Amino acid sequence: TREEHLLNSLVAFNGYNGTMLWRRRLTPGVMIHRNTMIATPEVLYVADDKSCKRIDTSTGRVIDEIIPPTDVAGGTFWKWMALEDGVLYALVGEQEQKDGVTRQRREAHGWPWDPLSPGFNQAENPWGFGHNLLAMDPESKRVRWSHREDEGVDSRALCMKNGRIYIYRHGSYLASLDARSGRVVWRKTPENAPELFKALGPDLPRQDWRTNWRTTAYVKCSDKAVYFAGPTIGKLLAVSAEDGRVLWEHPYDN
């Protein structure tokens, strides 16, 4: 019961003494284990199933909202976002399954999945996939470019570094986009890069205390490589950021 009053809340604290500065309510049932919050000194960006709110960091007041046209975004649910060099990048799309608010009040060691969130034990991950990737000006809200995939991008495998965005869907594609223009730099599929997808292996529906939550990000990038590791991948795999070729792999599988 100690934490129940903070359910579905966004809270700002003083970093030096822990004083609560302000608090806002969040939309109940939205799965938040994803990249949809960005902090800058003056503005906090928080996205949900309807828009991206720009919030004054000192007061918690909503400055404005970013709602790209649905014919460009494919929906209003924000799956992932990043801010680089004054440009806001986002994966936006259709609505997702919501879980009911749970007050378990469990005092035993550990926790069971089903009573807390039925979505986590479904056969397929129900969250985080979107078809439309956008680049926007956060002040004017103008969409600079958009990129659409027929098969939804997995936001757990979406990352960017130094002007390159990497998008992935297991068994379908791995691609690099130019962040300035949205142009496809390179694109790998099972047809043109069978060795890559063989190395990636099957999509593993793992989830337990040894492999982490199914919503965990499993792709990260550096200047030179894109790294795959996590619950859905059976190894640690490094792929070239330059052209998508396999660099090396290691049998470590978490």
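Strand S1 (9-13), strand S2 (20-25), strand S4 (43-47), strand S5 (52-56) and helix H2 (113-116) each contribute at least two residues to the lining of the largest pocket. Helices (H or I, at least four residues) and strands (E, at least two) are DSSP runs, numbered from the N terminus. This is a predicted model, in which local features need pLDDT of at least 70 and side-chain atom pairs count only at pLDDT 80 or more, while totals for chains, interfaces and linings use all residues. Residues are numbered from 1 along each chain as its sequence is written, and side-chain values use heavy atoms, with hydrogens and water left out.

The largest pocket holds about 1500 Å³ of space. A pocket is an open set of points on a 1 Å grid over the protein atoms alone, where a 1.4 Å probe fits, with protein on both sides within 12 Å along at least five of seven lines; lining residues have an atom within 4 Å of a point. The volume is the space filled by probe spheres set on the points, which are joined across faces, edges and corners. There are 48 lining residues, and the closest to the pocket centre are Leu-7, Asn-8, Val-30, Met-31 and Ile-32. By class, the lining has 21 nonpolar, 14 polar and 13 charged residues (nonpolar: Ala, Val, Leu, Ile, Met, Phe, Trp, Tyr, Cys and Pro; charged: Asp, Glu, Lys and Arg; polar: the others, Gly among them).

Strand S1 also contains Ala-12, which counts as buried at 13% relative accessibility (buried is under 20% relative accessible area, exposed over 50%, partly exposed in between, with a 1.4 Å probe and protein chains only).

The structure holds 20 salt bridges, each a side-chain nitrogen of Lys or Arg within 4 Å of a carboxyl oxygen of Asp or Glu. One of them joins Arg-105 and Glu-4 at 2.7 Å, N to O. Arg-105 lies in the loop between strand S8 (87-93) and H2, and Glu-4 in the segment before S1, so this pair ties together parts 101 residues apart in sequence. Arg-105 is exposed, at 54%.

A further salt bridge pairs Glu-139 with Arg-54 at 3.0 Å, N to O. Here Glu-139 sits in the loop between strand S9 (129-136) and strand S10 (143-154), and Arg-54 in strand S5, 85 residues apart. Glu-139 is exposed at 56% relative accessibility, whereas Arg-54 is buried at 4%. Salt bridges with shared partners join Arg-54, Asp-64, Glu-139 and Lys-141 into one network.
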